[in-house]
Amino acid sequence: MRSKTLVISAVLTCFVVLYLVLLAGRGVELLRTGETIPVVLGVGVLLLPLLGVWVLVSTWRSGLRVQRLAARLAEEGGLPDTSELPRRPSGRVDRDAADAWFADRKAELDADPDDWRGWYRIAQAYDLAGDRRRARDAMRTAVTLEEREPR
């Protein structure tokens, strides 16, 4: 499954890079006209690929960091298993089960708030509950704490 996800991500990244190159080409064409309005538009269009590259690089870096944490947790035998949680027909975890699972992860985190493993698990709990913003924030905290951990 992991290699399939990596291949799909790589293909999508290639398409995004192609799009950014084509967009930059349009910006250069606008700059070459020499007329005021197209040149101003060309500068704006050239800023978009720069922004796109920054988003692409930061997304890949974040994904690789999270993957490193998941691999490390799996190595330690601490990767949370949610396969036993009851699910709705849509595949989402039942709300009551997600809340109970969240409460357990929150208790773990409260017991040791400086451990990145607890933050990783609470991020997964937020994700199960559908709170993606808090899940991302918790995962960023997990990555930061793991990077500070002495090796």
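Modeller: Helices are DSSP runs of H or I, at least four residues, numbered from the N terminus. The expected span of a helix is 1.5 Å times one less than its number of residues. Two notes on the source. This is a predicted model, where local features need pLDDT of at least 70 and side-chain atom pairs pLDDT 80 or more, while totals for chains, interfaces and linings use all residues. Numbering runs from 1 along each chain as its sequence is written, and side-chain values use heavy atoms, without hydrogens and water.

Biologist: How many residues has helix H3, and what is its reach?

Modeller: H3 covers residues 95–111, which is 17 residues. From first C-alpha to last it reaches 24 Å, close to the expected 24 Å.

Biologist: Which residues of H3 are buried?

Modeller: Buried means under 20% relative accessible area, exposed over 50%, and partly exposed in between, with a 1.4 Å probe and protein chains only. In H3 the buried residues are Ala97, Ala98, Trp101, Arg105 and Leu109. They lie on the same side of H3, because their arc around the axis is only 110°. That arc is taken from the directions from the helix axis to the C-beta atoms. The face turned away from this buried side carries exposed Asp96, Asp110 and Ala111.

Biologist: What do the buried residues of H3 pack against?

Modeller: Helix H4 (116–129). Contact here means heavy atoms within 4.5 Å.

Biologist: Which residues are buried in H5?

Modeller: The general idea first. An α-helix has 3.6 residues a turn, so residues three or four places apart point the same way. In H5, the buried residues are Ala135, Ala138, Met139, Ala142, Val143, Leu145 and Glu146. An arc of only 170° puts them on the same side of H5. Their cover includes helix H2 (36–76) and H4.

Biologist: Where is Glu146, and what does it touch?

Modeller: Glu146 sits in helix H5. Its relative accessible area is 1%, so Glu146 is buried. Leaving aside residues up to four places away in sequence, Glu146 touches Arg68, Leu69, Arg72, Trp116 and Arg151.

Biologist: How do I read a salt bridge?

Modeller: Side chains of opposite charge can pair when their charged atoms come close. The cut-off is a side-chain nitrogen of Lys or Arg within 4 Å of a carboxyl oxygen of Asp or Glu. The structure holds 18 salt bridges. One of them joins Arg72 and Glu76, at 3.5 Å from N to O. Both lie in helix H2, four residues apart, about one turn of the helix.

Biologist: Which helices does the pair Arg121 and Glu108 link?

Modeller: Arg121 and Glu108 form a salt bridge, with their closest N and O atoms 3.4 Å apart. The pair links distant parts of the chain: Arg121 is in helix H4 and Glu108 in helix H3, 13 residues apart. Arg121 is buried at 15% relative accessible area. Glu108, at 31%, is partly exposed.

Biologist: Which residues do salt bridges with shared partners join into one network?

Modeller: Arg65, Arg68, Arg72, Glu76, Asp115, Arg117, Glu146, Glu147 and Glu149.

Biologist: Last one, a loop residue. Is Val93 buried or exposed?

Modeller: Val93 lies in the loop between H2 and H3. It is buried, with a relative accessible area of 5%. Val93 and Ala129 are 36 residues apart in sequence, yet 7.9 Å apart in space, C-alpha to C-alpha.

How values were computed. Helix = DSSP H or I, 4+ residues; strand = E, 2+ residues; numbered from the N terminus.
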